[in-house]
Amino acid sequence: MLEQVWVIPLVPAISFFLILFVGKHLPRKGAEIGVVAVGASLVLSLVTAAQWIHRTNEARDAVDGGGHAAGFLGAVLAGAEYAVVEPVVRTVTWWQSGGEVIEAGTLLDGLSAMMIVVVTLVSFLVHLYSVSYMEGDRRFTHFFAALSLFTASMLLLVLSNNLLQLLVGWELVGLCSFMLIGHWWEEKPNSDAALKAFLTTRTGDIGLLVGIAVIFFGAGRTFDILEINQAALGGGVSDLVLLVAASCLLLGVIGKSGQFPLHTWLPDAMAGPTPVSALIHAATMVVAGVFLVARLYPVFWEGFDIAAGGLNPMALVGGITVVIAAVLAFVQNDIKKVLAYSTISQLGYMVMGLGVGAWVAAVFHLFTHAFFKALLFLGSGSVSHAVHSFDMKSDMGGLREHMPHTYRTFLIGSLALAGIFPLAGFWSKDEILLGAGANGYEAFMVVGLIGGALTAAYMTRCVYLTFFGEYRGHGHPHESPALITGPLWVLAGLAVVAGFLNAVPFGIHLFTDWVEPTFAFPPVAHPEFSVPLAVVATLLALAGIGAGAGYYFRNLGPHGLTERNVWARRGHTLLWNRYYLDHLYTGVIVGSIKGPVARAANWVNQRVIDGVVNAAGVGSRQAGQWVYDKIDQRVVDGIVNGSATGAGETGGFLRRMQTGRVQNYGALLFGATAVLGLTLVILI
Amino acid sequence: MLLNQFLILAAVLFCIGVYGVLARRNGVLVLMSIELILNAVIINLIAFGAMLGGESAVVASVFALFVIAVAAAEVGVGLAIVLMLYRNRQSIDVSDVDLMRG
Amino acid sequence: MVAQNVAFGILAAAMVIAALRVVTTQNVVHAALYLVVVLAGAAGLFVLLAAEFMAVVQVIVYIGAIVVLFLFGIMLTRARMGKEAGLDNEQRGLSLAVALLLLGVLAFVLVDAFSDTRVEPTTIVRTGDVGIRIFETYMLQFQAVGFLLLATLVGAIVLARRD
């Protein structure tokens, strides 16, 4: 099976075409094809993962001289020497051009095995959920076709053995994201959100493209991931090239994984149907950036010199994202937006974890986060299914009694996200903090701890507003059908147990054994579990919950602070406007590019010329009555009128340049080119 | 023959094309001027190919062929746009299309 | 050698005059016909440069297909068949200046770089060689161009159909 993993993306890809062409004529409108295909992919992925585990165990047993029994417990080896487990690569020639042979293929190692299990599992559950959730939708068949295409593309991305194929998958998942955010495109905000998501991630993709090109030439004309990793570690590539490549790739990661400052698309992406948010914008697509970093870790490791400790761009981006997104989650009234900001914040943890050298921890967090965040999103979808709204303040509250299953699973998800022992989030987040502390990134450990407390507090607020208090909506909410609650319980179960795959204090590090590459991988540290840190983290999370609970449940604390205190109000306004980042992007940057000349001319008119005019006016007043007739009436007025006319004409002339006529612009373009050419000719 | 004979002729055609693109009102005439520009490029490619000789001459022909194919595609879409313009505005005057006026 | 230079002179003069007429004539149909002269002249140049295959392609694709497409475009947009006032816009002077400036720069650079480079076509480009190149070395690019033409087809239909 390890050689044949190409089948796994192929199945949903075929399903995409089947649904598209025959789906409408089937009794369940194509949903059955999607569910069966992704189910088949899931089974194949599980078989693949099992075989991979077997392979790692065998390799390890060989090192230990067969001292341990093969199988599940055989891998539980405290402090065993690490055996090299070679990834399984299979390639075919994709195309060749001008002597360059480009290969396509699959690369299966622990990381991709883990990813395909996560992708197919969450996708399968989302498919099941959507059968009920999307029932009666006007584009039900298209929805399932796009879900299938997404699953296929994501699997292609995580299994690819070269950067070019990875890029194809990367753009395909972006396309699916665009289609699914704009699923209900008849409403303007939805299609706007889809465009915004597409264009913002595309901004980052420029970096990705440049980065891939740099690395292609830097690593000796190859797209092969393992070769690149070996070249980066082997010192065959100069530090500067690696730094440039890593910085460019980081830009792609920032776009795709919603990191500061390009995170603004992710909350808007919540315009799509909720299952899409769970699958694409929480569990899988947005972690593509994190996956890319994990995949090319040697490049980032050497490029940013992660081993040195202290500070590096990746950790910085992640750390900033953790805190600012968590703070923003407090002022959202839309339950999905709370979860969206929470996702951004958690992605920040992952990027930060990779930035501080905690590879296993970050990837483990990716793994656990996929389950509990998908659970939370699907839970919010279940709630909105009942109350037909996403607004926590006006339409929810008191749903605890009406929707017991949703409530319980949502609570489990929230506790897992908050990092309460022994749920999944506790283990993975703790490891990131541990790694930050042990690798010389103490500041980021503190950032992570603060982020943890904030996470716990905003999730308390979210749970309170949704499930406690009085019901504020209309009608009689009722529990969702079994097709919706079933996936919720499965995910809730995973959110409870997934963390134990790497419960280091109990001597379990299965996840590390199975997933961490042993081939072409930098020497990352494996810090010992620290009880004080875990206690502090848990206490801070509990404090966060306590603060939230005190504020909302017991009505303690400074209620109405924003009405009374000007600074609190300003802070709230700043958060409410999302730090004005959207204003910055659309207003300042786009605006200044649109009309810099006109703006500059306007500024000159307003300040300089008016200033001259004003000064002249004031001066003439003071000169006295007797000059009034002679100077003021004639000279100054002349200047005033003259300068006003001049200003008007300058503005008019500059405005004339913005004619909107293509040929005017063309003349300027060609003329400027000619002048530029002339300059070069003269200079050289 | 001098290489420059061909290159300067191509440059002249190119500049005539640029003039046509900038100064013509009629959308179809603008497209024709673009064809002049593209032809100048093809002449350049073939002339350089003949100068280098050998395999390069063959490669130049291949490239020129691709340019012709792209030019055909460009005319197809360009004329479709002009047609669309005509249908919506009853005029193919490109100066009328100034929705982006500042 | 002399014969070639004479042929070049005739072709070049015809092409330049015809090209000038393309951008100055006040009759759209005439412009298309002058364009034919320019394109045919280019085909003649290709023969001079020993690229016969390209000459044939030039005649078939450009004169045979693209100019006919232009004529259809003229017909469908119902241009008057006679003289038409106002085929030029008001920025003729600016356009002329830009074009002359560009020509000056280009000519200077060319004279500077290739003033005595000679071109004596010794290799005859055979069609078979071109085919082998396209379908071996540049297969992918060929596929890409094919895809581009397909996309153009779809795009043109989407743009031009009435609905």
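The model is predicted: local features need pLDDT of at least 70, side-chain atom pairs count only at pLDDT 80 or more, and totals for chains, interfaces and linings use all residues. Residues are numbered from 1 along each chain as its sequence is written, chains are lettered from A and ligands numbered from 1 in the order in which they are written, and side-chain values use heavy atoms, with hydrogens and water left out.

**Stop 1: the largest cavity**

A search of the whole structure finds eight cavities of 30 Å³ or more. A cavity is a set of points on a 1 Å grid over the protein atoms alone where a 1.4 Å probe fits but cannot get out; lining residues have an atom within 4 Å of a point. Points are joined across faces, edges and corners, and volume is the space filled by probe spheres set on them.

Select A:A418, A:G419, A:K429, A:L433 and A:A537. Of the 15 lining residues, these lie nearest the centre of the largest cavity. Its volume is about 110 Å³. Now colour α19 (424–438), α20 (442–467) and α23 (531–552) of chain A; each supplies at least two lining residues. Helices here are DSSP runs (H or I, at least four residues), numbered from the N terminus. α19(A) gives the most, with five residues. The lining divides into nine nonpolar, four polar and two charged residues. Nonpolar means Ala, Val, Leu, Ile, Met, Phe, Trp, Tyr, Cys and Pro; charged means Asp, Glu, Lys and Arg; the others, Gly among them, are polar.

**Stop 2: the second largest cavity**

This one holds about 90 Å³ of space. Select A:D109, A:N229, A:R295, A:P517 and A:A520, the closest to its centre of 14 lining residues. α7 (225–234), α11 (288–295) and α12 (297–303) of chain A each give two or more residues to the lining. α7(A) gives the most, with three. By class, the lining has eleven nonpolar, one polar and two charged residues.

**Stop 3: chain B against chain C**

Show both chains. 70 residues of chain B are in contact (heavy atoms within 4.5 Å) with 83 residues of chain C. Together they bury about 7000 Å², 76% of it on carbon and sulfur atoms. Buried area is the accessible area (1.4 Å probe) that two parts lose on being put together, summed over both.

Finish on B:E55 and C:R133. They form a salt bridge, with the closest N and O atoms 2.4 Å apart. The term means a side-chain nitrogen of Lys or Arg within 4 Å of a carboxyl oxygen of Asp or Glu. The count between these chains is one.

Notes. On a 1 Å grid over the protein atoms alone, a cavity is a set of points where a 1.4 Å probe fits but cannot get out, and a pocket is an open set with protein on both sides within 12 Å along at least five of seven lines; lining residues have an atom within 4 Å of a point.
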